[in-house]
Amino acid sequence: MPRSRPGSRPGPPERRLGRVVRRAVAGVLVLAAAAGCGDAGELEGAGSTPTAVGPARLWPELTPASSPAFEIGEVNTEPVKGVEVPADGDIRRVDPVGIVRAEIDANPGDYAGDKAPYRDTNRRMADCARGPGHGECPVLRPYYRDLTGDGRDDLTLGFRLLPGQTTAVRVYTVDKDRLMQVMAWEDALSGVELAGRSLVIRSPSEVAGYEYRLQWTWDRDQRAMLLTHDEMLRTGPRGHSRHPSAPSSASPSASPSPSVSPSASGG
């Protein structure tokens, strides 16, 4: 999914590109959802068993690309300036409100002024005297878990981007004596989960009965949380058909249904 340079928010054209790719498979998913079993409690013939069809390579004459067409910014890391880490490296002793204030100070065009897109986030930071998750403070309750596998807690932090309905999600770790941001994303959220060493974000879809699920997982080589799964999955009831769908075969005019990976969820 397209991303802007590390540390910045994705602009509207980049986010639209990701949505266009998702919409391209949305119609196919809806059509595929029509296939199902018979009514509950009734025995019906399943018909002939379709012959297994292996994958078919399309356009073998094309030369494989050696570089990406878009600047995606998969490795999204940067040190957080203006925030000190205690000598023992305990990230729980770092003020989450101070981290968000540091991001606001580093991006005045997004937060300062009456026309800034997230102006109300900046204004409501004054309500954070009692800490995150209290009153009108836009900083949400922080969560701590060892995501990097070094035996120390890392910080998952969220804050509302107001006056809109978007929420920023960040992951931070301590590298030596520096606070490092190792993951950043903004979206309309329907749920966020920590699963093992992964972070899963669920977002509403334009297609009824489906949602987007994005999973970031720590990569020790890149020393960052990488986007390892980007899926569109069903959440609503599945439609039923009294007739099994006919098997399809790959041909120049065929449009095979995309495979969907299992959902990444759990604690």
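In strand E9 of this predicted model, the bridge partner of Leu-214 is Asp-230. Helices (H or I, at least four residues) and strands (E, at least two) are taken as DSSP runs and numbered from the N terminus, and two strands count as paired if DSSP finds at least two bridges between them. Because the model is predicted, local features need pLDDT of at least 70 and side-chain atom pairs count only at pLDDT 80 or more, while totals for chains, interfaces and linings use all residues. Residues are numbered from 1 along each chain as its sequence is written, and side-chain values use heavy atoms, with hydrogens and water left out.

**The sheet**

- Strand E8, which covers residues 210-219, runs antiparallel to E9 and is joined to E9 by ten bridges.
- Four strands make up an open sheet in the order E6-E7-E8-E9, with antiparallel pairing.
- At the edges lie strand E6 (191-195) and strand E9 (224-234), each of which pairs on one side only.
- From one strand to the next the twist averages 20 degrees, where axes are lines fitted to C-alpha atoms and angles run from 0 to 180 degrees between N-to-C directions.

**The disulfide**

- With a disulfide defined as a pair of cysteine sulfur atoms within 2.5 Å, the count comes to one.
- This disulfide joins Cys-128 to Cys-137, with an S to S distance of 2.0 Å, and the link is right-handed, with 95 degrees about the S-S bond.
- Cys-128 is buried at a relative accessible area of 4%, and Cys-137 is also buried, at 8%; buried means under 20% relative accessible area, exposed over 50%, and partly exposed in between, using a 1.4 Å probe and protein chains only.
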